[in-house]
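Dear colleague,

Please find below the structure that I am handing over to you. My notes on its aromatic residues and its nonpolar cores follow.

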Amino acid sequence: TIARHATPALAAAAMVAMMMFSGHGFSPVSEAAISNHRLDLPTEISTSDLQKVAAWVRPKVDFAPRLPALPTAQLEGARLAQIRDRPAAYLFYKVSGNRVSVFVFDPADLPIDGRRIRHVGGRDVYLDEKAGYHVALIRENGLGYAFASDLDEDRMFQLVSSSMPR
């Protein structure tokens, strides 16, 4: 009787493990970025000046934020958010009429990965996609960055490769 009941449970566990390790799983960081992006929350500071946003964010988070400039985008402002259980700077940009959300956070112990990987500008950039939204993830100089938008994959990678602080 135990074997008969254990077999479906083992099969289900094996299926979950196969999905996770074969690239079909979905990054929890991507999930958090898309959830925040879809809420369309208002800014807490409205400005197109990245230095003003950085000065506003700095005392509100427990890490030294290095905020990305997106040369082909218009900064609209920022607010605070959460990526999983971590405080994050949440920047709002417009790119060709599309909203792009950028989250900067401490990635310690969080997986920065995705279903696909590309090497852009000497960096590993991970991409996830769900429900029409793309998320590009990168770890750079001890920080995590998540870019979320409905822009296509190529445009997201182009945006990330041109924007990361060195």
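**Aromatic pairs and nonpolar cores**

Tyr-90 and Phe-103 are both buried. Please bear in mind that the model is a predicted one.

The aromatic pairs in this model number 2. In one of them, the ring centres of Tyr-90 and Phe-92 are 4.3 Å apart and the planes meet at 20°; the pair is therefore stacked, since planes under 30 degrees apart count as such. Tyr-90 has a relative accessibility of 0% and so counts as buried. Phe-92 is buried as well, at a relative accessible area of 4%.

Tyr-90 also pairs with Phe-103: the centres of these rings are 4.3 Å apart, but the planes are at 35°, so this pair is tilted. Because Tyr-90 belongs to strand β3 (residues 86–95) and Phe-103 to strand β4 (residues 98–105), the pair ties together parts that are 13 residues apart in sequence.

Turning to the nonpolar cores, the largest one has 31 residues. The residues with the most contacts inside this core are Leu-91, Tyr-93, Val-102, Val-104 and Phe-147. At least two residues of the core come from each of α3 (50–57), β2 (74–83), β3, β4, β6 (123–130), β7 (133–140), β8 (143–149) and α4 (153–161). There is also a second, separate core of 18 residues, with Ile-34, Ala-81, Ala-88 and Leu-137 among them. In soluble globular proteins, nonpolar side chains tend to be buried together.

With kind regards

Notes:
Residues are numbered from 1 along each chain as its sequence is written. This is a predicted model: local features need pLDDT of at least 70, side-chain atom pairs count only at pLDDT 80 or more; totals for chains, interfaces and linings use all residues. Side-chain values use heavy atoms; hydrogens and water are left out. Rings of Phe, Tyr and Trp (its six-membered ring) pair if their centres lie within 6.5 Å; planes under 30 degrees apart count as stacked, over 60 as edge-to-face and the rest as tilted. Buried means under 20% relative accessible area, exposed over 50%, partly exposed in between (1.4 Å probe, protein chains only). Helices (H or I, at least four residues) and strands (E, at least two) are DSSP runs, numbered from the N terminus. A nonpolar core is a set of buried Ala, Val, Leu, Ile, Met, Phe, Trp, Tyr and Cys residues joined through side-chain atoms within 4.5 Å.
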